Amino acid sequence: MEEALLSVQGVCASAGEKPILHGIDLAIGKGETHVLMGPNGAGKSTLGQVIMGNPTYTMTEGAIVLEGKDISEENAAERSRDGLFLSFQAPVEVPGVPLRSFLRAIVAQHPELNLKGKRFKKRIAEILEQLNMSADYLDRELNVGFSGGEKKKIEMLQLLLLKPKLAILDETDSGLDVDALNVVSKAIAAYRAENDGTILLITHNTRILEHLSVDRTHVMVKGHLVAEGDASLIGDIDQHGFEQFGVAEDIEGNKISHALDEDEAPAFDAEAALAHAEAAVKAAEAK
Ligand code: ADP
Ligand code: MG
């Protein structure tokens, strides 16, 4: 197999004393779109943050390799320059800073984009038009009073501006309105078409996946990847939920709402997935 663009190798990570990820292996090839699904609290966002180098999390084991280079020791700014991009599940609000200034500051950190002065203006105008977004956004304070959908749109604007090698897109739990969903779909399509873009999409919103051709799907439960498959796994989860992976409730003890219809056998070996998850949890606890 050709060397993966991104390879996550045996990654364990904690927040403070709390272990969250337990030995994650994941390889994403250039130009591929991967989807990461799993119940609330599984550790999906944490994986995105750890790949990006968020210092809130400590990677206690394993390595993150981008284009053959081990970037495990790099900080988030260095990883951004290497071509990683993470859209946050909950983007920060920055009062006093107009979106335009924020975008300029980002671009200034990426001289390779060659987007100074007029070229910056032109490129921003192009993207706004492409995404059907009003230029009024540029004068508003960054994310202040923006709806979840609007924040997502701003992130898509950043995605098309930065053209990263790998975009990790973390969807909001609350779900997006149809308008925002369209913008996200359009932006993803443009990113893929224009840059042979590579995507790790974290979601439990299967609607967004209807417009997207997916190469691989990964399922995370309690900090372990318990299943991997092609796009058909998404439909399967849509119908049967995550119980087939041995979870009836999320990490906070809330019941997961999908009901598993006994008449409909899951398309893959649920018992094996459960055994795998249990063994992995035991192994982690024994450490
Ligand atoms: P998901 O995105 O799959 O819903 P998260 O990665 O957000 O899951 O969270 C996984 C688990 O790690 C949850 O129990 C969450 O409360 C915990 N967690 C995440 N970030 C932190 C943090 N900074 N400090 C403490 N616990 C955290
Ligand atoms: Mg999350």
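Student: In this model, which of the 13 residues around ligand 1 come nearest?

Tutor: The model is a predicted one. The shell around ligand 1 holds 13 residues. Those that come nearest to the ligand are A15, A42, K44, S45 and T46.

Student: Which element gives the most residues to the shell around ligand 1?

Tutor: Two elements give two or more residues to this shell, namely β2 (18-28) and α1 (44-52). With three residues, the element that gives the most is α1.

Student: Which residue of β9 stands opposite S87?

Tutor: Strand β6 (residues 84-87) pairs with β9 in the parallel sense, over four bridges. Within β9, the residue opposite S87 is L169.

Student: What is the bridge partner of A167 in β10?

Tutor: Strand β10 (residues 198-202) runs parallel to β9, and five bridges join the two. In β10, the partner of A167 is I199.

Student: Is Q9 buried, partly exposed or exposed?

Tutor: Q9 is found in strand β1 (residues 6-15). A residue counts as buried at 20 or more other C-beta atoms within 10 Å and as exposed at 12 or fewer. Q9 has 16 such atoms within 10 Å, and therefore Q9 is partly exposed.

Student: With which residues is Q9 in contact, leaving aside its neighbours within four places in sequence?

Tutor: Q9 and A27 are 18 residues apart in sequence, and their C-alpha atoms are 8.3 Å apart in space. Once the neighbours within four places in sequence are left aside, the contacts of Q9 are D25, G62, A63 and V65.

Student: What percentage of the contacts with a separation of 6 or more is between residues 24 or more positions apart?

Tutor: The protein has eight helices and twelve strands. Of its 287 residues, 34% are buried. Among contacts with a separation of 6 or more, the share from residues 24 or more positions apart is 73%.

Definitions and conventions
Residues numbered from 1 in each chain as written. Chains lettered and ligands numbered in written order. Predicted model: local features only at pLDDT ≥ 70, side-chain atom pairs only at ≥ 80, totals over all residues. Contact = placed C-beta atoms within 7 Å. Near = placed C-beta within 6 Å. Pairing = 2+ DSSP bridges.
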